[in-house]
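Hello,

Here is the structure for your files. My notes on the ligand site follow it.

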Amino acid sequence: MFLDHFNVSPNLFNIFCGCLTVCLIKYLFNFINRFRKLPSGPWGLPILGYLPFIKKDAYIQMTELAKKYGPVFSFKCGQCDVVVINEVKAIEEALKNDHLLARPKTTFIPGRNPSLAEMSGETWKQQRRVALTILRNVGLGKSTLETKIKEEIGHFIDVLKSTHGKEVSFKELSGLSVANNISILMFGHRFEYDDPIGNEMRRNMQKVSDNIEYFTKFVFMPAIFFFVSLAAKFSPELRNANSSQKELEEKITEEVTKHREKKATHEIEDYIDGYLQEMDKLKDSNLSFDMNTLRRNTADFYAAGSDTTTNTLSFMMLYLITYPEYQQKIRDEIKETIGFERQPDYADRTSMPFTMAFIYESLRMSSLVPLNILRRASQDTKVMNHSIPKDTLVIFNFWAVHRDPNLWNDPHSFKPERFLSDDGTQVIKSPYLMPFSGGKRICPGATLALIELFLYLVSIVQNFIVSPPEGHKISDEINYIFIRMVKNPVKLTNFHTLKH
Ligand code: HEM
């Protein structure tokens, strides 16, 4: 009767029902099979899984769940199986595992081609290899880049001095300065701090990072968000992220056009130059070296290279004002080694153990990327004998390692001394400190970041006394979206020029 109503032949209906049953059985079989294989963990709701229960400070929640379910646990999150690795030995093993190098299949910003940081497999390997070769050739890890960073810091310190102790928005100004170091690598030049283009690029980058959450529905429920354009239209966060990313990439396109125009007579001076040359070399191959990927990769380096270092510097300012005794110790070390006239060199770090210990402790305590960037299992694999089926998303909980009481004495306290030898003359870098992740997908900017952190910190303490704005209580409130940020941007006053 029902079929008569819709005018469908019974045979067709039977075939349809048969197919549906086969699909359902296959789905159930896969579900049970994967469920049996995966490590145990918390239950969630049908379809949504554990996604609605994820809290704002997810890294703390994951660390708590590990206490209940063990160091390697799993849960269903939207459509995806997720495995969380929380313990140092398991993370060390996972970082060496070549089947855990991939990223989720969906990009973090909907509707855009994957960038180097979002790619998987051979395409990622090629893009990363070429990027690192170009960046090394144009100065990454060489003294030429250090000289340029020192010039940039010179401008930054001059601007801070010109405020004559008035309140300074440290994060904004340091953000522009740190972004310039990446601009030099990417575009071959810096921006003046009042340059409207430089400011707009930073603003757009900031808007993207403010709107992309770690546990974004777009990544964990790709089928529901399949109609990307619709998703972007209806979700204000995604719409903001998408339009800001577009504007950032437009500015990058303008830079690429300028580079194309000068290319004929020009040596390779920056990433865009190098990439354009690679594109020309590979134009007859089927490798994905194209304008779109160039734009996406440049935007990635720009964002990943400035937001992270700037926020770590903000954490350091917080620690300097919270622990003035440590600020004084760094200043004492400066007095004994560099003095107050000469700019610091990165080589000075070898005679400044306390300053380096302060940097390492800041990296541990800030744990800026507490849950790493999501990885995906490209094959069925195992970590510590726990099965991780193909396409499971994998989280490395670096926060749990950095706060593990079995690895660190009094892990919630800021104690640079933990990185010093007993007599205080040597800095000891712990293998348990992993702010830049590790293995083949380790942050490619780790060395640059360490150079920047050392040079900015020492230059600031060398020139100013850092203290909180008058009448302000020091706040260590954190905002976590994709990275941890000091919630109330640390505003600094009393940047008194020191009288030596
Ligand atoms: C304090 C500063 C920084 C921290 C804490 C940091 C941390 C990280 C972490 C944890 C990852 C994920 C690695 C993984 O998937 O295992 C990463 C990836 C990445 N970082 Fe950094 N980073 C910093 C600075 C930089 C700088 C200065 C650059 C620019 C040169 C940069 C560029 C990148 C890129 C492009 C990726 C993606 C790499 C890939 O997927 O192959 N980062 N970073």
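The side chain of Arg103 has an N or O atom 2.8 Å from an oxygen atom of the ligand. Ser437 brings a polar side-chain atom to 2.5 Å from a ligand oxygen. For Arg441, the distance from a polar side-chain atom to an oxygen atom of the ligand is 2.8 Å. A polar contact here is a pair of N or O atoms within 3.5 Å.

This is a predicted model, in which local features need pLDDT of at least 70, side-chain atom pairs count only at pLDDT 80 or more, and totals for chains, interfaces and linings use all residues. Residues are numbered from 1 along each chain as its sequence is written, and side-chain values use heavy atoms, with hydrogens and water left out.

Now the iron. Its single protein donor is Cys443 (SG), 2.3 Å away. Donors are N, O and S atoms within 2.8 Å of the metal (3.2 Å for Na, K and Ca); water is not among the atoms, so sites may look incomplete. Cys443 sits in the loop between α16 (398–402) and α17 (446–463). Helices are DSSP runs (H or I, at least four residues), numbered from the N terminus. The unreviewed UniProt entry puts a "binding site" at Cys443; such annotations may be inferred rather than shown by experiment.

Next, the shell. The ligand has 24 residues around it, each with a heavy atom within 4 Å. Arg103, Arg375, Ser437, Arg441 and Cys443 come nearest. α13 (291–322) and α5 (121–137) each supply at least two shell residues. The largest share, six residues, is from α13.

Best wishes

Technical notes. Polar contact = N/O pair within 3.5 Å; in protein donor to acceptor, adjacent residues only side chain to side chain.
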